[in-house]
Each structure stands twice: as C-alpha cells, then as structure tokens.
Amino acid sequence: MAGYFEEMGWTELADGEQPNHLLHMARFLIDFGMYEDNFSGEWPRLPPPASKETVKNLPEITIEDDDSSCPICLKNFQSGDKAKKMPCLHLFHSTCILKWLERTNSCPFCRFELPTDNEGYEAFKKEKKRAEQRKEDLDTLHNSMFS
Ligand SMILES: [Zn+2]
Ligand SMILES: [Zn+2]
C-alpha cells in the first residue's frame with residue numbers, strides 16, 4: 001500500500017497522526033482508478049464516464065449539410081455522416097462522442113454533464129450542489145440582514 005502514496009508524492013502518516021480527510025479522499029480516488037489526475041480538493045478534472053443508459057438513448061441523426069465540424073476530431077461533417085446529438089444540442093460523429101463518453105460524462109464542447117453510473121460521483125455532485133445552495137442561502141440571509 002505504501003507504494004501508492006509514494007508514487008503520488010503523498011507522505012504516509014507519522015506515528016500518532018490521525019488519518020485526515022485528504023487521505024480518505026485519496027483512497028477513494030485510488031479505488032476509482034483516478035489517482036493519475038492531479039488532486040486539487042475538488043473532483044479530479046475528468047469526471048467518470050456517462051451512464052450507459054443515457055449514452056444508448058442519445059439521438060442519432062444523419063448529417064444533411066456539411067458546413068459544420070465535429071469538435072472532437074475537427075473534421076468537417078460530410079453529408080450522410082452519422083452524428084449524435086447531445087442534450088446541449090452539440091453534434092459529434094457517433095464514433096467520436098461514444099469513445100469520449102466512455103471516458104468522461106461531459107460535452108467536450110460546452111461541458112454539459114450527462115448523468116453517470118458512478119454512485120460516488122453522483123453523491124459528490126449532489127453534495128456540491130447542496131453546498132452551493134447553502135452558500136446562496138447564507139448570502140441571501142446576509143444581504144437581508146445587512147442591506
Ligand atoms: Zn469526429
Ligand atoms: Zn455541448
């Protein structure tokens with residue numbers, strides 16, 4: 001186990017030191033195989049893959065005009081190409097976006113996030129939203145008290 005932490009530049013606990021939050025999170029990341037990402041106290045840059053169900057249900061269209069290009073491979077669409085339409089309405093070659101969504105859940109163009117099958121990540125997102133909500137509530141409270 002020590003090897004993991006050394007590889008990542010994390011030091012092991014000194015005698016009598018309590019395991020801290022960061023290490024707990026680190027273990028979590030290792031379990032999800034995401035330890036190669038820089039750890040910043042936020043979820044690593046690359047969220048988990050999009051939920052298989054969602055990906056399966058993305059509408060596929062056939063390109064009719066060829067004046068736009070696929071943001072992943074940067075090639076112009078050819079009329080007749082198969083493309084997937086994301087919920088954010090961005091279009092990608094089916095082959096390009098499917099490969100992309102196997103790695104991460106967001107639109108490569110605008111970062112619109114699809115649901116994932118990763119319970120840990122979904123919980124993280126919910127918690128983050130709650131935290132943002134709490135902050136908003138506090139700001140509102142603060143403003144109503146001091147303005
Ligand atoms: Zn493409
Ligand atoms: Zn998009």
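Q: With which residue does K135 form a salt bridge?
A: This is a predicted model, in which local features need pLDDT of at least 70 and side-chain atom pairs count only at pLDDT 80 or more, while totals for chains, interfaces and linings use all residues. Residues are numbered from 1 along each chain as its sequence is written, and side-chain values use heavy atoms, with hydrogens and water left out. A salt bridge is a side-chain nitrogen of Lys or Arg within 4 Å of a carboxyl oxygen of Asp or Glu. The closest N and O atoms are 3.2 Å apart in the pair that K135 forms with D139.

Q: Why are K135 and D139 separated by about one helical turn?
A: Helices are DSSP runs (H or I, at least four residues), numbered from the N terminus. K135 and D139 are about one helical turn apart because both belong to helix 5, where their spacing is 4 residues.

Q: Is K135 buried or exposed?
A: Buried means under 20% relative accessible area, exposed over 50%, and partly exposed in between (1.4 Å probe, protein chains only). The relative accessibility of K135 is 51%, so K135 counts as exposed.

Q: Which residue forms a salt bridge with R134?
A: R134 is partly exposed, at 46% relative accessibility. Its salt bridge has its closest N and O atoms 3.5 Å apart, and the partner is E127.

Q: How many residues apart are R130 and E127 in helix 5?
A: The side chains of R130 and E127 also meet in a salt bridge, at 2.9 Å from N to O. They are separated by about one helical turn, because their spacing in helix 5 is 3 residues.

Q: Is N105 buried or exposed?
A: N105 lies in the loop between helix 4 (94–101) and helix 5. The relative accessible area of N105 is 0%, so N105 is buried.

Q: With which side chain does the side chain of N105 make a polar contact?
A: A polar contact is a pair of N or O atoms within 3.5 Å; within protein, one must be able to donate a hydrogen and the other to accept it, and residues adjacent in sequence count only if both atoms are side-chain atoms. At 3.1 Å, the partner of N105 is the side chain of E113.

Q: How far apart in space are F112 and C88, C-alpha to C-alpha?
A: F112 is found in the loop between helix 4 and helix 5. F112 and C88 are 24 residues apart in sequence, and their C-alpha to C-alpha distance is 6.6 Å.

Key
Chains are lettered from A and ligands numbered from 1 in the order in which they are written. Helices (H or I, at least four residues) and strands (E, at least two) are DSSP runs, numbered from the N terminus.
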